[in-house]
Amino acid sequence: MSQWQTVKSNKPDVRKNRSSESTVAPAGRIETTDSVFSALDSWYDNKQEQRVSHQKPSKDSDMSQLNGKGPASVTSEDSSSSHAPHAVEQEVRHEPSKAKKPKAKRPKVTPSQAASGLDSTQFAALLASVQHTYRDNQLSQLQTVGDHLLTAFQTSELPFNKMLNEQPLEKVTDVPLQDLPQEVKHILEKYAVQLDVHVVSQFIQHILEAVLETVPLDGNLKHGIPKAKVGLLIFLSLLLRAVPAALLLRSQALLLGGKIYSGPGRLHLLLWLINQTVRCNPAMGVAIWLRVLLPQILGMQLPSVMQKTAPAAEPAVLVMASQGISTALDYLDGLLRSTHEPPLQQHTNDHGFPEWHGGSANLGASNSVLHRLSVIGLRYPEPDKTHMVEAVVPPAALEAIIRSQFSESSHLKIAYRIRLLKQYEVLRELAFAGAKQGGFSCEESIRLALDTAVMSEGPYEGSADESVDQAARNMLCCIACDSQAATVWESRHKQQLKGSTRVLQHLLHVYPRHFQPIQTSAQAKATMIRMLQFLRQRHHNQLTTGKGWARSCAKASQAASLALQQKLRNRSSAVGVVVLMSLMIGLAVMALAYNPEAQEAFHALSQTTVGQQVLDAAHSVQVQIAPYSDAVRRFGTPYLQQASARVAPALDSLKAQITPYAQQIGKYLSASLQQVKASVQSLTAPSGQVVS
């Protein structure tokens, strides 16, 4: 058998079986005929006929297509032969295009128009219903009322983001709450003030998350964003004004959120929120600003406890952009402007509105209001029926500003540092205003001031740097306001010997610059003297057995405490001597004033030429100092009153001893007055006349 010999197979002939199959194929397949090429030829002829029919349409063909009988309709036989093995085409039916009707534009509904349909009676019934249904769930009550307001203003449109970016904050603060009817507003306010502040704070967080969806993070208003939720904005504004402490409780969450709340596109919204609380309590706005924005301005590192709860995307150090820092400082200037004159130059933004530091954010809170509210402190009820009191200006805020001002690693520009230092003086005044009422913790301020002194890079002896100077200044004010602050210094002196030594040495070299609060209070002075004596006992071990820097600090602290204690005691003795001498001179003057001979001598002296010159000179001096007399009297009266109060107990015991000396002085002055009288008469007698 050759190599190419064919081999018979027992398999059936497949080609014969295929030719005997039925010629009807399902749609989508080519018919099986006696010859595959004949199927291709018939498919090609059909395509040619269809192409010609499309090029020359006729009325009959159009009607046949609509009736399903023309070339465009596919029968069972055509459908099987209209698909090629390697290419399948579907015919497109051409229909005449229909003209589009223009859509009718919906009229824009403003918030005021939407609010006109609200009825106070219906709202009162709604509140009664939700209070009855959710009697023990205030959060569900707030959610129901919020849903009702959201639905009521669902069709209204408000360019809220554009207004925040272009218009003054003072003008936008009342938007859109101003559109709510007064009757409905009063009903909701009366309901809100009865709620638990912690529940309101939790609900505000939910509303804020919904509102943030309509505010772009980058501030770009060109991107498509949802329209403002007017109903939620109204409810948010009303709750913050009725319960301002609710936003204060959200301070840590707002701080940890970082750029989510204070980024370039959302800082304006955050200031809008703070300004709602200012409408009710101006001090609340200062407090929230210090707790939320100041750490970001200074670029402070978050405490380890806060880092665990902060979002993963946020860094441990929150740093605000330069433009955001300027805007935030402008806003604080507006809150504190009552104590300063407005700037001479009126700045405007790109849209022609005055910027916030140009007068538009002046909320009209007088200095007396801020001072009074700082004395009271920020108070809100706790679930156990007690009242929580927080300081308007916390001690940590003051120390943070001090450390950033004089730290070489601070990222703040010089211009921002200068502005912040001016604001620091006003904030410090507000802080110590509440120290005696429990609104400011002097004990915490002492601890933080010692920490600041420890971090200083200045020497242990002599005058220290500016940070230690401000820390020492605050520590003396704390001792004058609260005697317990001295106890904190005593307990931490040994633990923070470096910082305590720097403060004592600095106070010794700048004495008496910062000692006015101590000198004007006898109790504060006694507390200071006792504390200095106790400090020497605290570092006694380091003084005897210490080595290195510990022994050096103990020696410097020992010397400073001894010198300061001696100065305070000598100052007390000197004040007593001055007061006693003034008292004796005053008694002598009073004795002369009521002596007839002294009156006659003074009258005779006034008649002479020399006496007239003396009186004229005294009158001219009186005229020159008249403009300053009121200021001097206002400045000196408190010190005179305090001095009089200190020596008043000793007057009774000294009265008996001073009286004999005053009588002897009076007799001596009477004899001298006889001689003065004779001399005056010789001056006033006519020339040539002898006076006997």
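Colleague: Is Phe160 buried or exposed?
Modeller: A residue counts as buried under 20% relative accessible area, as exposed over 50% and as partly exposed in between, using a 1.4 Å probe and protein chains only. Phe160 has a relative accessible area of 3%, and it is therefore buried.

Colleague: What kind of model is this?
Modeller: Residues are numbered from 1 along each chain as its sequence is written, and side-chain values use heavy atoms, with hydrogens and water left out. Local features need pLDDT of at least 70, side-chain atom pairs count only at pLDDT 80 or more, and totals for chains, interfaces and linings use all residues, the model being predicted.

Colleague: How many aromatic pairs does a search of the whole structure find?
Modeller: Rings of Phe, Tyr and Trp (its six-membered ring) pair if their centres lie within 6.5 Å, and the angle between planes then sorts them into stacked (under 30 degrees), edge-to-face (over 60) and tilted (the rest). By that rule, the number of pairs found in the whole structure is four.

Colleague: What type of pair do Phe160 and Trp272 form?
Modeller: Helices (H or I, at least four residues) and strands (E, at least two) are DSSP runs, numbered from the N terminus. The ring centres of Phe160 and Trp272 are 5.3 Å apart and their planes stand at 80°. The pair links distant parts of the chain, since Phe160 is in helix α8 and Trp272 in helix α16, 112 residues apart. Trp272 is also buried, with a relative accessible area of 0%, and the angle between the two rings makes the pair edge-to-face.

Colleague: What type of pair do Phe432 and Phe440 form?
Modeller: Phe432 and Phe440 are both buried. Their rings lie 5.2 Å apart, centre to centre, with 50° between the planes, and this pair is tilted.

Colleague: Which residue's side chain makes a polar contact with the side chain of Tyr380?
Modeller: Tyr380 lies in strand β1 and is buried, with a relative accessible area of 5%. Contact means heavy atoms within 4.5 Å, and beyond four places in sequence the contacts of Tyr380 include Val197, Ala245 and Glu390. A polar contact is a pair of N or O atoms within 3.5 Å; within protein, one must be able to donate a hydrogen and the other to accept it, and residues adjacent in sequence count only if both atoms are side-chain atoms. At 2.9 Å, the side chain that makes a polar contact with that of Tyr380 belongs to Glu390.

Colleague: How many disulfides does a search of the whole structure find?
Modeller: A disulfide is a pair of cysteine sulfur atoms within 2.5 Å. Cys481 is partly exposed, with a relative accessible area of 24%, and its sulfur is 5.1 Å from the closest cysteine sulfur, in Cys442, which is too far for a bond. Across the whole structure, the number of disulfides found is zero.
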